[in-house]
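Have the sequence and the 3D view ready.

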Amino acid sequence: MRPVTTTLSTLSTLSTLAAAAVLSTATAGVAAASDDPGPGATTHREVGRLLECTGTWMQRPVLASVYENRGVVNEVSVQVGEGAREVGAARTQERRFIRDGRVRATLDLGGRPARLSGTVSRTGVRSTVHEEHDDAGQHVVVDGVHRMLDADLALVWRGRGAPLECTGFAYDLPVTTTPA
């Protein structure tokens, strides 16, 4: 797909985040960072959920994401179609999109309201996460846990619905940055 809107780059960023998170889950068991991260280090905690969904609406591919990061950003994005028939939109808000196991999000998609709704629940056991990388002159260490989510979502747009297949996880990650 060709990037034609900010939404597509947002979806790409969220997909990259999801891939990095899954990759970091695979590296569980790597030794955790030391208790003393060094001079100039700062630590903050990221807690939230990420859902990545695909489906088909009227024979057009659908991509949808729900990203929540407590205290940082909550965003839903939807893309329907590709090429000349591609329509995408994103919406951010302070209030969470996932509350009490229910996903409820509405956004303007091509001038018409689109509703993403369904249920989500935790499944399986928590898995340990450890990742280290350098970014913008900072050494970043991420330690924490992920827990897979089971989601049953649908998109309703222009009076027609489409079931979505979703993968996702909840995360609780202390993130320590140190000048490199």
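## The disulfide

The torsion about the S-S bond of cysteine 53 and cysteine 166 is about 110°, so the disulfide is right-handed. Cysteine 53 sits in strand β1 and cysteine 166 in strand β10 (residues 160-179), so to speak distant parts of the chain, 113 residues apart. Strands here are DSSP runs of E, at least two residues, numbered from the N terminus.

The S to S distance is 2.1 Å; a disulfide is called when two cysteine sulfur atoms lie within 2.5 Å. Searching the whole structure turns up one disulfide. Both cysteine 53 and cysteine 166 are buried, meaning under 20% relative accessible area with a 1.4 Å probe, protein chains only.

## How to read the model

This is a predicted model, where local features need pLDDT of at least 70, side-chain atom pairs count only at pLDDT 80 or more, and totals for chains, interfaces and linings use all residues. Residues are numbered from 1 along each chain as its sequence is written, and side-chain values use heavy atoms, leaving out hydrogens and water.

The whole structure holds two aromatic pairs. One of them is tilted: tryptophan 57 and tryptophan 157, 4.7 Å centre to centre with 50° between the planes. This pair also links distant parts of the chain, from strand β1 (residues 42-57) to strand β9 (residues 138-157), 100 residues apart. For the cut-offs, ring centres of Phe, Tyr and Trp (its six-membered ring) must lie within 6.5 Å; planes under 30 degrees apart are stacked, over 60 edge-to-face, and the rest tilted.

Tryptophan 57 and tryptophan 157 are both buried. Arginine 158 lies over the face of tryptophan 157, 5.3 Å from the ring centre; that takes CZ of Arg within 6 Å of the ring centre and within 35 degrees of the ring normal.

How values were computed
Helices (H or I, at least four residues) and strands (E, at least two) are DSSP runs, numbered from the N terminus. Buried means under 20% relative accessible area, exposed over 50%, partly exposed in between (1.4 Å probe, protein chains only).
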